[in-house]
Amino acid sequence: MSLLKIKNLKTYFHTRAGINRAVDDISFSIDKGEIVGVVGESGSGKSVTCHTMLGLLPQPPAKVEGGSVTFDNEELLNLPQSLLRAIRGKRISMIFQDPMSCLNPYLKILDQITEPILIHENVSRETAETRAIEMMKKVGIRDAEARARSYPHEFSGGMRQRVMIAMALVTRPDLLLADEPTTALDVTVQARILKILRSLKDDLGIAVLFVTHDLGVVAELADRVVVMYRGKIVEQGNTRDIFEKPSHPYVKGLIACRPTLDTQYEILPTVDDFLKTEIRKDGSFILSEHPDSTERLSKLKEKRTSSDKDTSPLLQVSGLQVHFQTGGGFLGEPRKTLKAVDGVDLQISSGQTLGLVGESGCGKTTLGRAILRLQKAKSGSILYDKNELNNLSQKEMINFRKRMQIIFQDPYASLNPRQTIEQTLIEPMIVHGIGSNYSNRRDQIVSLLEEVGLGPEFLLRYPHEFSGGQRQRISVARALAVEPEFIVCDECVSAMDVSVQAQVLNLLRELQEKRDLTYLFISHDLSVVKFMSDDVIVMQNGKIVESGKAQEIYHQPKSDYTKELLNAVPKVSLSK
Amino acid sequence: MAKNKFAMGGFWVIVVMFSLCFILAWYCKDPNQVNLTNKFAPSSAEHWFGTDALGRDLFARILYGGQVSILVGLIATAVSVAIGIVYGSISGFAGGRTDAVMMRIVDTLLAIPFLVLVIVLQATLSDWSGDATRWIVENFKWDKEFTGRLTNIVPLFFALGLLGWLTLSRIVRAQVMSIKEREFVEAAVALGYSKARILFRHVIPNVLGPTVVYSTLTVPGFIMYEAILSFLGLGVESPNSSWGVLIKEGANFLETEVQLLLLPGLFFSLTLFSLNFLGDGLRDALDVKAAKD
């Protein structure tokens, strides 16, 4: 007897541009006490499915075109809002992606956790508070009695997500909808949250519908997996079956294109190596196995074993410190010094990639920016090609700007929305006097675009007309427009779907080989860093805790922190 | 913008209003012709909107008044937008001490009642208007009466414009500060662009949208201020008229001759509505994203 049953559900969005079939005829079910993972890339319809069930979609533009959602033998889709409210938060609870914005900053934690009990049940405040504190202990908040009286800003991101879970579970629901609950968290925190969810499921017997884009998380947590693609379910089944022998080409591609800690390829396979998408005139599409997928995969080269090219260091950083002053406001706390980068030494050889890993707030981004002099360093030396950068004025720095570039995390924010692609790419050339006239520069940017895999027809478009992956290619092209030799990649694939991420990583690899580029590759994702780097450094609290050859660090980590990080990475290879 | 019906409607109303006030006005009756035997005349073939308390043709007065009101709105807005964008963006972009000093100046000016400042500045500017009239008449041989009317109004335009940018500069500053944090600005720094280039090519174009909307909303505000000043006897002086003056005069006869208030009021509010719709449309048109959808 299944707890939740979705049958032929269709949710369409009616927009001016036409009908968007966000959820198109999907069926699946969840049994009592089961964890089902719904996996898909952005736009696959996984969140829309969740929101449709609880009547949380704005209608219009959304419209449920058909199908049914039965929860405990009750049809949810036609239920009036008043009855739905009795189910929401009581029998079905939801937790969201961003724990920072989901808690009310003006209410004490205890008040927020007791609120759902007081709304849905006829109990006294004292009972509610006891239950709330009990639940806080269950989700692993130590010293719950005292901490219940504090405000959300006194909690870290991971702790807030635990509060969210406590809030969702305090009414003892039968089903928990978790929409990307760990996406915004660091790996070590994510590992702890996943563990808590598992033990809660065993303790309380709740069913969990876990929506995520991360296959690793699903493999770690779910009993069954539903894979969605463009509004349809392409495959569903037991977690083990799906990961061991996926049958649909999309799922095969999705599993293969994600770099793991044991990836040995020089270039990652992409979903396009497996899947052929045929789009018909009416907007529907047919997916089929790519005819030469085996041939394509066999062409993938084995990863070169970190060639010990004996080259002189291009960049040498020693004793670099970046401090920030915080507080000291009008009524604020006393001034504090935040040591974002606290005495870092590193060196990168020409043509190599140095990976920089660490969790959020460890100072890795600040370090990258300080090397490029986008952030003032307090002390230390930055020796670039035997020139000390730290003493240069911003004017003198301009000559080095041509040689050192940066690619940012968010391709949406890193392009000027009011410039066409042509303007964006030509401007750096004009500033640095590359090319002699317009037509000469235009020819150069056309070949540049080709190099990053885009056609000349895009030149006159604006950034918002592109997808995230395409925009990141444009950012790469802009960085290359000044013909640099060193590029800082600051979390440059972190905001992307795995299939797009694989393409961008491959692109960076190819460009490195062709132009002999040197990268400082900054990321929180250990598998991605391992795939990209020759050498790796691990940062924590502004300091380097470990550095060395990538292979060595990943196989024989020396520091406890590195070990903890490596253990926290969800593994697709099943250990259960 | 062509798709936005309200904005296009607003645009055409403004066009009609313009042609009425600036073209048709030259062909209608003298707005200052007093005829005390024919006061409060109802509308007729000769006087379309009837006549006022002094027997002057109301239609002609509305059109002539419109010239002053529309010009006050547009010129004062243009002056204040120009100052506000430059001042606000420099303040927001420079940050630190420069920003603090520039904003304290704005705070100081905001702390003094706006009308007091306008009156003082207008009085200062008006001191020169007599000299200016003489100079123009001598050197350019313009009509003396026309020049006199012009130099009476112009100080008001600039007094409003030179002081009306305060709020706008704060809006621009806030916008600039948020745009400045975006990664494309940092990318521009990393690419070695100069500060001026970053400010004028990357930051300011991105703050124009909200600025334009805000500034279309200030046009009615300036028209109102002109009316208030005229009411106090400090703004437009006879024989000039403006919508504000007409509404004020009409208000005296609210109980008996309500059309003296309603008709200028109708022109006034129609123009203000249209400006607001036009502002919305302009914002969409200036937003590359909305324009292409």
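A:Val69 is found in strand 4 (residues 62-71) of chain A in this predicted model. A:Val69 has 21 other C-beta atoms within 10 Å, so the residue counts as buried. A second open sheet in chain A has six strands with mixed pairing, whereas chain B has zero strands and twelve helices.

**A:Val69 and its surroundings**

- Apart from neighbours within four places in sequence, A:Val69 is in contact with A:Ile6, A:Leu9, A:Met53, A:Leu76 and A:Leu77.
- Between A:Val69 and A:Leu566 there are 40 Å in space, C-alpha to C-alpha, and the two are 497 residues apart in sequence.

- Strand 1 (residues 2-15) of chain A is joined to strand 4 of chain A by eight bridges in the antiparallel sense.
- A:Phe13 has A:Ala62 as its bridge partner in strand 4 of chain A.

**The six-stranded sheet of chain A**

- The order in this open sheet is 18-19-20-15-21-22, with mixed pairing.
- Its edge strands are strand 18 and strand 22 (543-549) of chain A, and each pairs on one side only.
- On average, neighbouring strands of the sheet are turned by 15 degrees against each other, direction ignored.
- Strand 18 of chain A runs parallel to strand 19 (residues 486-490) of chain A, and four bridges join the two. A:Gln405 stands opposite A:Ile487 in strand 19 of chain A.
- Strand 18 of chain A is covered on both faces. A:Met404 and A:Ile406 are buried on one side, and A:Gln405 and A:Ile407 are buried on the other.
- Strand 15 (residues 353-357) and strand 21 (residues 535-540) of chain A are also parallel, joined by four bridges. The bridge partner of A:Leu354 in strand 21 of chain A is A:Asp535.

**Domains of chain A**

- Chain A is divided into domain 1 (246-303) and domain 2 (346-568).
- The centres of domain 1 and domain 2 of chain A, taken over C-alpha atoms, are separated by 26 Å.
- Across the boundary, twelve residues of domain 1 of chain A are in contact with 13 residues of domain 2 of chain A.
- The side of domain 1 of chain A that touches domain 2 of chain A has seven nonpolar residues, four polar and one charged.

**The largest nonpolar core**

- This core holds 218 residues, of which A:Ile113, A:Ala166, A:Leu175, A:Leu209, A:Phe210 and B:Leu160 touch the most other members.
- Helix 2 (residues 58-94) of chain B gives the most to the core, with 15 residues.
- The core lies between domain 1 (246-303) and domain 2 (346-568) of chain A, because both give residues to it.
- Neighbours within four places in sequence aside, A:Leu175 is in contact with A:Leu3, A:Leu4, A:Ile30, A:Arg91, A:Ile92, A:Ile206, A:Ala207 and A:Leu209.

**Contact between chains A and B**

- Between the chains, 23 residues of chain A are in contact with 17 residues of chain B.
- On the side of chain A that touches chain B, helix 13 (394-401), strand 18 (404-407) and helix 14 (421-431) of chain A each supply at least two residues.
- By class, this side of chain A has twelve nonpolar residues, six charged and five polar.

**Chain B**

- Along the sequence, chain B follows the pattern α-α-α-α-α-α-α-α-α-α-α-α.
- Along the principal axes, the C-alpha atoms of chain B fill a box of roughly 75 × 50 × 40 Å.
- Chain B has 293 residues, and 40% of them count as buried.
- Among contacts in chain B with a separation of 6 or more, 70% come from residues 24 or more positions apart.

Technical notes
Residues are numbered from 1 along each chain as its sequence is written. Chains are lettered from A and ligands numbered from 1 in the order in which they are written. This is a predicted model: local features need pLDDT of at least 70, side-chain atom pairs count only at pLDDT 80 or more; totals for chains, interfaces and linings use all residues. A nonpolar core is a set of buried Ala, Val, Leu, Ile, Met, Phe, Trp, Tyr and Cys residues joined through C-beta atoms within 7 Å. A residue is buried if 20 or more other C-beta atoms lie within 10 Å of its own, exposed if 12 or fewer, and partly exposed in between; C-beta atoms are placed from the backbone. Domain bounds come from an automatic or database domain assignment. Two residues are in contact if their C-beta atoms, placed from the backbone, lie within 7 Å. Ala, Val, Leu, Ile, Met, Phe, Trp, Tyr, Cys and Pro count as nonpolar, Asp, Glu, Lys and Arg as charged, and the others, Gly among them, as polar. Two strands pair if DSSP finds at least two bridges between them. Axes are lines fitted to C-alpha atoms, for helices over the stretch in contact, and angles run from 0 to 180 degrees between N-to-C directions.
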